[in-house]
Amino acid sequence: MYVYDEHDHTIIRERVKQFRNQTNRYLAGEIKEEEFLPLRLQNGLYVQRLAPMLRIAVPYGMLNARQLRKIAHITRHYDKGYCHITTRQNIQLNWPKLEEVPDILAELAEVEMHAVQTSGNCIRNVTTDQFAGVATDELIDPRPYCEIIRQWSTFHPEFAFLPRKFKIAVSGTAEDRAAIHFHDIGLQIVKQDENTGFKVFVGGGLGRTPVIGSVIRDFLPEKDLLTYLEAILRIYNLHGRRDNKYKARIKILVKAKTPAVFAEMVEKEWQTIRDSQSLLTDREIHRAKSFFTEPEYEQLDELAANEKLQKLSAENKAFGHWLRQNVSKHRLNGYRAVTLSLKPTGIAPGDITDSQLELIADLSEQYSFGEVRTTHEQNIVLADVPCHLLFDLWQKIVPAGFAEANIGTLNDMICCPGGDFCSLANAKSIPVAEAIQRQFSDNDYLYDLGNINLNISGCMNACGHHHIGDIGVLGVDKKGQEFYQIQLGGNAGNQAALGKVLGPAFGREEMPAIIQKILDVYLENRTAEEEFSQTYQRIGIESFKERVYAKAH
Amino acid sequence: MPKLIKNGEVIDNQWSLIRDAEELTNTDLSSGYWVLPFDAFSSVKNGSGNNSEKIGVWLSSDANLESLSPYIQQLPLICIDFPAFVDGRGFSIARTLKEHYEYAGELRATGHFIQDQMHYLHRCGIDTFDIPDDWSVDSVLQSLNDFSISYQAAVDEPQPLFRRRN
Ligand code: SF4
């Protein structure tokens, strides 16, 4: 994991001081409301429906035990004892006091954390695969590049007042788990001969106008990363629309210009700066990589470990389910990555309490080299657990409530905070998630359904990624009433696809039954090997429509 | 009187900014220091060469730098005028003028920017700031120095931090 040196510490400390000064000036009436707005947003501070909301950055999802304990302390001391993992791997506090935010930031700075650029019209926290560094299908670990991008984008003087927010994701694996097709810039790490570089996608995104990103460069050598990003951002900053908030994202510019013309504009700009001092050096790439080396793995016997696990699974069915659902393969023999489920029924997806955070800190130290990752599915991963400790770990997390064997199932839904917290919401999302979880409480039924993504957003802003779930749910407002529109067939990965709207929206109480109908159509039509997305692609949306909107006899 | 900030000090401003064509017709350019809108500037420039070291230009945030490029090197002053502080185009224009066009004259921020942007603006190449009279100079100077170190290369520090770390 990246470790700050004195420069990083100075920068973050100066930021805290700056924001303290800004907050004081604001409270003293020296900064106007609208001028304070972008300043607080770029420190992650929203003013929400019920209270301010503070979004803390978790750079590409990595956290260590010390940081987890600090967050636990902060939630206890400054908030109501819990926080929320967001769909961009960050952490949100729902009830901080505006005047205490500088103190919270100062506490975070002690453990090399901050809330820099987690909101506002600037370059946001860069995200990647939660299994980075341990995935079996990884070409190259994306995290060193994420860190290089993090530093470059942090307080970038030119790009703090962009037309709109700007999100970058990096993927280093064959299977895309970072949704690079749906970011303003998506970077796919590729090799050409022996050289490392990036395939560059631009103009993807969700929200009001969902778009799948376009490739503007097949191979960008790694050293050119920052100069090329700078060229893209400059073109966007100068030419992106500023007259209409809903047309201000880079995707609209790329569409208007066409990807080919946009690529030419970037190329032309890039030629003027590609040999500048921002060209990366071997030394810097090496330095970044030196923070993401292997922990001190033991030499373990995969076959023996696996045999033992099979035996334990046979003896203990619940453990077996958990092992199958919540435990993933690891690049190294005898190791596994464990996903702690933050989706037990009745808890808002992604919510976690202070004592749970502390427990996870302890577990990470005992089982996984003291590090964890947050995931965009709003869970937490212990990435380096030796197989022979899995049973132990499982026994500890069952009473803690993290062992719900539902990862990848319908009940591992992505859900934004929605109308319970968010002032932009059209409808609540958490109660819909809960009603669905209650309806589908039979695990055997869930396992039989297989992998299926259910994504719920409380409004068009799509924080719950509803366009890219197998089943997407969008909260809509009809004459002041909360309704829910359903979309089917979205895909966040390599087969990037946007969901299609099924038809007219439903009331909240109808939702579990409607989801049931959709699942029935899938179960009745699937072949032995098909997952939901494949059946959907084969039979199309019509069969689902017919069933869902059939007149009752 | 607005104040002018340069290198951490308040200095006298000898330049007057002419907003539009109408103002221009009522102005005698042969004496004094004038900042003209770009359109007017190019016609004045192409007409006669009078008083040229006393004529500057101000750019709106949609300025086309290519059409300005023939004149850039001779200009004593270029102002980047912010129509609204959230319009961040001026930051890119400033950097492009200084880095790409290697503009060596004075680059000034005018119009609606806010105190808390001044550090970034300075990093992007702004030399002087036209600030309203009611701003506290002490507070402004503090904001200008919010950060003592930066990660990225910019006009004030052409080497990114990664080339300067030990
Ligand atoms: S999708 Fe809408 S309701 Fe949900 S968190 Fe985002 S802005 Fe709020």
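This is a predicted model: local features need pLDDT of at least 70, side-chain atom pairs count only at pLDDT 80 or more; totals for chains, interfaces and linings use all residues.
Start at the ligand. Its surroundings include four cysteines by name: A:Cys416, A:Cys422, A:Cys459 and A:Cys463. Also in the shell are A:Pro417, A:Gly418, A:Leu424 and A:Ala425. A:Ser457, A:Gly458, A:Asn461 and A:Ala462 complete the list. By class, eight of these residues are nonpolar and four are polar. No charged residue is part of the shell.

Next, look at helix 16 (residues 511–525) and helix 17 (residues 532–539) of chain A. Their axes come within 10 Å and cross at roughly 80 degrees. An angle of 65 to 115 degrees counts as roughly perpendicular, so helix 16 of chain A is roughly perpendicular to helix 17 of chain A. Helix 16 of chain A brings A:Ile518, A:Val521, A:Tyr522 and A:Asn525 to the contact. Helix 17 of chain A answers with A:Phe532, A:Thr535, A:Arg538 and A:Ile539. Together these contact residues divide into five nonpolar, two polar and one charged.

Now take two residues within helices. A:Asn326 belongs to helix 11 (residues 317–326) of chain A. Its relative accessibility is 0%, so A:Asn326 counts as buried. A polar atom of the A:Asn326 side chain lies 3.3 Å from the backbone nitrogen of A:Ile407. Beyond its neighbours within four places in sequence, A:Asn326 also touches A:Ala337, A:Val338, A:Thr339 and A:Ser341. Further contacts of A:Asn326 include A:Phe402, A:Ala403, A:Glu404, A:Ala405 and A:Asn406.

A:Asp354 sits in helix 12 (residues 354–367) of chain A. At 15% relative accessibility, is A:Asp354 buried or exposed? Buried means under 20%, so A:Asp354 counts as buried. Leaving aside neighbours within four places in sequence, A:Asp354 is in contact with A:Ala72, A:Thr75, A:Arg76, A:Gly81 and A:Tyr82.

Finally, turn to the backbone. Most residues other than glycine have a negative phi. A:Tyr60 is not a glycine, yet its phi is positive, at about 40 degrees. A:Tyr60 lies in the loop between strand 2 (52–56) and strand 3 (62–64) of chain A. With a relative accessible area of 4%, A:Tyr60 is buried. A:Asp193 has a positive phi near 50 degrees and is likewise a residue other than glycine. The loop between strand 8 (185–192) and strand 9 (195–202) of chain A holds A:Asp193. A:Asp193 is exposed, with a relative accessible area of 68%.

Note on methods:
Residues are numbered from 1 along each chain as its sequence is written. Chains are lettered from A and ligands numbered from 1 in the order in which they are written. Side-chain values use heavy atoms; hydrogens and water are left out. Axes are lines fitted to C-alpha atoms, for helices over the stretch in contact, and angles run from 0 to 180 degrees between N-to-C directions. Helices (H or I, at least four residues) and strands (E, at least two) are DSSP runs, numbered from the N terminus. Angles under 35 degrees count as roughly parallel, over 145 as roughly antiparallel, 65 to 115 as roughly perpendicular and the rest as oblique. Contact means heavy atoms within 4.5 Å. Ala, Val, Leu, Ile, Met, Phe, Trp, Tyr, Cys and Pro count as nonpolar, Asp, Glu, Lys and Arg as charged, and the others, Gly among them, as polar. Buried means under 20% relative accessible area, exposed over 50%, partly exposed in between (1.4 Å probe, protein chains only). A polar contact is a pair of N or O atoms within 3.5 Å; within protein, one must be able to donate a hydrogen and the other to accept it, and residues adjacent in sequence count only if both atoms are side-chain atoms. A residue is near a molecule or strand if one of its heavy atoms lies within 4 Å of it.
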